[in-house]
Structure formats: C-alpha cells, structure tokens
Amino acid sequence: RASLTHVDTFHENNLLTRGQEITVDVNEEDAVCIELEPGQFSLHHVRIVHGSKPNRSDTPRIGVAIRYVPIAMAQI
C-alpha cells in the first residue's frame with residue numbers, strides 16, 4: 001500500500017523537506033497522545049498519521065526515514 005495522499009506546502013515552519021501534509025480527514029477524537037522523554041524516539045509505519053507540537057527547545061529534532069523494498073523492485 002502506498003503512503004497517505006499529501007500535498008507539498010514548502011511552509012517555512014514545516015521541518016519536512018517539502019513541507020508535506022496529508023490530505024485525508026483525521027478524526028482527532030481517535031488520536032492517542034504519546035509524550036516522549038528527551039532522548040526517546042518513535043517509529044511510524046508509512047500509513048500512521050503522526051505529528052507534534054512545535055519544538056520549543058534549543059535542540060533541533062532529527063528525523064530519519066528508512067524504506068525497505070524487495071529486490072525485484074525497479075525505479076521508474
């Protein structure tokens with residue numbers, strides 16, 4: 001399955017390279033809040049809707065994307 005439909009906003013306050021935001025309806029009542037302690041991290045499936053409030057610390061956030069594909073795949 002593909003990732004969720006999104007748009008590139010290029011918004012200056014979005015840490016993603018293209019300011020990607022999903023374009024699907026999300027029921028906020030179904031959201032689960034998970035607070036991480038400094039030094040902790042979270043892992044997300046490509047179809048998990050996730051986000052965070054602004055980083056108010058002096059330490060930047062770091063994001064890493066790892067994608068695994070079968071060897072039979074070819075770039076088009």
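Which element gives the largest share of the lining of the largest pocket? The points below answer this and then turn to other features.

1. Basis of the note. This is a predicted model, in which local features need pLDDT of at least 70, side-chain atom pairs count only at pLDDT 80 or more, and totals for chains, interfaces and linings use all residues. Residues are numbered from 1 along each chain as its sequence is written, and side-chain values use heavy atoms, with hydrogens and water left out.

2. The largest pocket. The largest share of its lining, three residues, comes from E2. Strands (E) are DSSP runs of at least two residues, and they are numbered from the N terminus. A pocket is found on a 1 Å grid over the protein atoms alone, as an open set of points where a 1.4 Å probe fits, with protein on both sides within 12 Å along at least five of seven lines; lining residues have an atom within 4 Å of a point. The largest pocket holds about 3300 Å³ of space, a volume being the space filled by probe spheres set on the points, which are joined across faces, edges and corners.

3. The lining. In total, 50 residues line the largest pocket, and Leu-16, His-44, His-50, Gly-51 and Ser-52 lie nearest its centre. By class, 23 of the lining residues are nonpolar, 18 polar and nine charged. Here Ala, Val, Leu, Ile, Met, Phe, Trp, Tyr, Cys and Pro count as nonpolar, Asp, Glu, Lys and Arg as charged, and the others, Gly among them, as polar.

4. The salt bridge. A search of the whole structure finds one salt bridge, a term for a side-chain nitrogen of Lys or Arg within 4 Å of a carboxyl oxygen of Asp or Glu. The side chains of Asp-8 and Arg-18 form this contact, at 3.0 Å from N to O. The pair links distant parts of the chain, 10 residues apart: Asp-8 belongs to strand E1, and Arg-18 to the loop between E1 and E2. Asp-8 is partly exposed because its relative accessibility is 35%; the class runs between buried (under 20% relative accessible area) and exposed (over 50%), with a 1.4 Å probe and protein chains only. Arg-18, at 33%, is also partly exposed.

5. Phe-10 lies in the loop between strand E1 (6-8) and strand E2 (20-22). Although Phe-10 is not a glycine, its phi is positive, at about 55°. Phe-10 counts as exposed because its relative accessibility is 58%. Lys-53, in the segment after E2, is exposed as well, with a relative accessible area of 70%.

6. Val-46. Val-46 is placed in the segment after E2 and is partly exposed, since its relative accessible area is 48%. Between the C-alpha atoms of Val-46 and Thr-5 there are 11 Å, while the two residues stand 41 residues apart along the chain.

Methods. Helices (H or I, at least four residues) and strands (E, at least two) are DSSP runs, numbered from the N terminus.
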